[in-house]
Amino acid sequence: MEVERATTSVAAGSSSAEMAVDNAAGPGAVEKPRFDPLMPSEMSSGKPQFRKVPVPPHRFSPLKRCWMEIYTPVYEHMKVDIRMNIKARRVELKTRKDTPDVSNLQKCADFVHAFMLGFDIADAVALLRLDDLYVDSFEIKDVKTLRGEHLSRAIGRLSGKGGKTKYAIENSTRTRIVIADTKIHILGSFVNIKVARDSLCSLILGSPAGKVYSKLRAVSARLAERY
């Protein structure tokens with residue numbers, strides 16, 4: 001009898017403990033503490049974070065000409081310090097105490113880097129405003145090994161007469177393309193970059209522009225249905 005009473009008391013104690021746990025998880029439960037996100041100045045022991053973007057020799061004059069257009073959105077809107085180190089020939093970026101988000105520093109570095117690759121400021125500034133934009137780069141030799149006049153003809157096929165082919169690919173895929181000698185840079189969202197890259201690769205491999213246009217129309221219609 002004493003053993004049975006002991007087991008029943010233990011069972012009763014365990015059931016009451018379970019009920020207490022259930023009540024704690026119910027509407028009267030203690031709320032978890034919520035902490036505000038850390039400011040960049042509070043991260044890494046309060047030390048500022050830096051990014052350095054090298055300036056190629058052929059982009060030094062355009063950078064000098066468009067400096068204020070780069071400086072204004074970076075310093076005033078993104079709250080990131082920016083300066084040109086003339087001796088080292090690079091643009092240096094640093095977080096401030098009032099920088100609202102630590103990702104702003106990397107966004108500014110991507111913006112400056114896109115300008116160095118040859119994108120217009122009006123196109124590159126979208127990297128500061130949108131989160132899902134990227135820059136993808138590749139060379140013609142990554143697709144097919146071409147030399148001499150064959151390489152020149154491939155570059156001509158990519159741009160078309162007066163840049164017509166390049167503009168058609170840009171408008172249909174909502175991307176921006178820079179063809180710098182044998183290097184190709186594409187600015188856009190992940191899906192759109194893939195479509196534009198496939199079209200450019202087809203042109204490099206020798207497909208006529210008309211065939212690429214028709215394929216682009218089909219892919220663009222499919223993308224428009226999806227989004």
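**Figure 1. Contacts and surface of the whole chain.** In this predicted model, residues 24 or more positions apart account for 58% of the contacts in the chain that have a separation of 6 or more. The secondary structure consists of 11 helices and 6 strands. The chain has 227 residues, and 33% of them count as buried. Its accessible surface comes to about 14,800 Å², with 56% of that area belonging to carbon and sulfur atoms.

Figure 2. The average pLDDT of the chain is 83, and 83% of the residues score at least 70. Over residues 6-24 the pLDDT stays under 50. For that stretch, residues 6-24, the model has 2 contacts beyond four places in sequence. Where pLDDT is low, predicted coordinates should not be read in detail.

**Figure 3. The buried side of helix 9.** Helix 9 spans residues 164-173, and its buried residues are Thr165, Lys166, Ile169, Glu170 and Thr173. Seen down the helix axis, the buried residues of helix 9 fall within an arc of 135°, so they line one face of the helix.

Figure 4. Lys164 and Asn171 are exposed and sit on the face of helix 9 turned away from its buried side.

Note on methods
Residues are numbered from 1 along each chain as its sequence is written. This is a predicted model: local features need pLDDT of at least 70, side-chain atom pairs count only at pLDDT 80 or more; totals for chains, interfaces and linings use all residues. Side-chain values use heavy atoms; hydrogens and water are left out. Helices (H or I, at least four residues) and strands (E, at least two) are DSSP runs, numbered from the N terminus. Buried means under 20% relative accessible area, exposed over 50%, partly exposed in between (1.4 Å probe, protein chains only). Contact means heavy atoms within 4.5 Å. Accessible areas come from the Shrake-Rupley method with a 1.4 Å probe; for residues, only the protein chains shown count as cover. pLDDT is the predictor's confidence in each residue, from 0 to 100. The arc is that of the directions from the helix axis to the C-beta atoms.
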